[in-house]
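I opened a new page for this structure. My notes on what I looked up follow.

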Amino acid sequence: MPKQVDYLIIGQGLAGSLLSWELIQQGSSILLIDNQQTSASQIAAGLINPITGMRLVKSRDIATLLPCATQTYQELSLFFKQDFYIEKPMLRILRNEKEAHKFHQRIQNQDYRHYLQTELRPATESIQAPLGMMQQKQTGYLLTQKLLSCLKNFLQEKQSYRATQFEYQDLQINNGVHWQDISAKKIIFCEGYQAIHNPWFNYLPFQLAKGEILTLTAKQILPSTMLNYGHWFIPLNKYQFRTGATFDSINLNTTPTIAGKNSLIATLTQILPSLDSATLSSHQANIRPTTLDKAPFIGLHPEHPNLAIFNGFGAKGSLQIPYYSKHFVQNLLNKRPITAEVDCRRHALKT
Ligand SMILES: Cc1cc2nc3c(=O)[nH]c(=O)nc-3n(C[C@H](O)[C@H](O)[C@H](O)COP(=O)(O)OP(=O)(O)OC[C@H]3O[C@@H](n4cnc5c(N)ncnc54)[C@H](O)[C@@H]3O)c2cc1C
């Protein structure tokens, strides 16, 4: 007998996992398929940082996305009895006069006061910051790997998880979708960067970006705040820290490189010179599912309403995925419209 579920979901990164969680919370049945390859979510730093870029700009829709993200991670913490989201202040080192000028402009703006302290912090003995450090609020990082592991166990216990490669040619589309012994109303693709191989959605303008990230152990006690200086520094405990991430839109592979490692260490030790004696515990690389217009791809295929996509969260998955999981589930279950800027139908199907 074929097994009937409401939704077949492809990919157990942060997108597929939180979408599955939300669908289950709303009473739907799902089966999630994952090929268990190392993904962007598995190595991501999980940083949430409301003010980014050289122009110190607030992330789009931050006032909506951030409360939803922190609340979702708190609910998951209560359910799994573990912490996933670590709130931690971040100091941003002002690197030139232009940034210092922008900072003074931003603190005049009431909207930025939620995310920035008005006072600059001076350099310290261990941190090089001649122009001072901007104190950012409402920053933190998600322990993504730990969360995904809990959600995988949760789905396995519900018999809602299968570890296998989903082959596109095995899908049949008629009165819903059919794959192996499974029938579903819809299939939702959450394959991260591997969506470029998806025959139905590869027309969407992804603009992928490889990232490399290091985990190191210091010989001395680390500063307790996160730092941002173009790259970032996250202290995980007194001695262990992560630093990243490179951004490469040309060499789209998952191989860590010596050049990537050297560039991360060079920028780190300019700011924290004493860390030149830190020892490397891991060096990872993966590909962010970034998009040309920097907005996610969410919704139904323009010609096959049983096929859907939930992808394109780029470098901001931890911030965006909780809100958009709820948003998409409201569309799937209650036909609420998808916001135009994230609806995958904003891009015309190429014929
Ligand atoms: C170095 C680096 C650092 C990052 N740092 C941050 C950060 O600090 N903050 C932040 O918010 N974001 C960060 N990101 C981005 C973040 O990782 C992404 O936004 C997010 O994880 C994307 O999740 P996803 O589920 O869409 O994709 P993925 O994590 O790529 O997951 C896709 C899943 O689908 C599976 N899959 C694909 N195709 C198939 C198939 N045919 N069959 C079965 N399974 C399949 C894959 O194996 C994978 O498990 C970083 C990314 C990188 C690379």
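This is a predicted model: local features need pLDDT of at least 70, side-chain atom pairs count only at pLDDT 80 or more; totals for chains, interfaces and linings use all residues.

**Entry: helix α6**

I started with α6, which runs over residues 258-271. The helix has 14 residues and spans 20 Å from its first C-alpha to its last, close to the 20 Å expected at 1.5 Å a residue.

Which residues of α6 are buried? I found Gly260, Leu264, Leu268 and Ile271. They cover an arc of only 60 degrees around the axis, so they sit on the same side of α6. I then turned to the face of α6 pointing away from that buried side, and there I listed the exposed residues Ile258, Ala259, Asn262 and Ala266.

Next I checked what the buried residues of α6 pack against, and wrote down the strands β7 (90-93), β15 (209-217), β16 (226-229), β17 (231-235), β18 (240-244) and β19 (279-288).

I looked at the loop between β18 and α6, where Ala245 lies. The peptide bond from Gly244 to Ala245 is cis, with omega near -20 degrees. I noted this down because most peptide bonds are trans.

**Entry: α3 and α7**

At what angle do α3 and α7 pack? I read about 85 degrees between helix α3 (residues 62-80) and helix α7 (residues 317-334), with their axes 8 Å apart. Angles of 65 to 115 degrees count as roughly perpendicular, and that makes α3 roughly perpendicular to α7.

I listed the residues that make the contact. From α3 they are Thr64, Leu65, Leu66, Cys68, Ala69 and Thr72. From α7 they are Ser318, Leu319, Gln320, Pro322, Tyr323 and Lys326. Sorted by class, the contact has 7 nonpolar, 4 polar and 1 charged residues.

**Entry: positive phi**

Asp61 has a positive phi of about 60 degrees although it is not a glycine. I placed Asp61 in the loop between β5 (57-58) and α3. Asp61 counts as partly exposed because it has 15 C-beta neighbours inside 10 Å.

Gln180, also not a glycine, has a positive phi of about 45 degrees. I found Gln180 in the loop between β13 (177-179) and β14 (182-189). With 16 C-beta neighbours inside 10 Å, Gln180 counts as partly exposed.

Note on methods: Residues are numbered from 1 along each chain as its sequence is written. Axes are lines fitted to C-alpha atoms, for helices over the stretch in contact, and angles run from 0 to 180 degrees between N-to-C directions. Helices (H or I, at least four residues) and strands (E, at least two) are DSSP runs, numbered from the N terminus. Angles under 35 degrees count as roughly parallel, over 145 as roughly antiparallel, 65 to 115 as roughly perpendicular and the rest as oblique. Two residues are in contact if their C-beta atoms, placed from the backbone, lie within 7 Å. Ala, Val, Leu, Ile, Met, Phe, Trp, Tyr, Cys and Pro count as nonpolar, Asp, Glu, Lys and Arg as charged, and the others, Gly among them, as polar. The expected span of a helix is 1.5 Å times one less than its number of residues. A residue is buried if 20 or more other C-beta atoms lie within 10 Å of its own, exposed if 12 or fewer, and partly exposed in between; C-beta atoms are placed from the backbone. The arc is that of the directions from the helix axis to the C-beta atoms.
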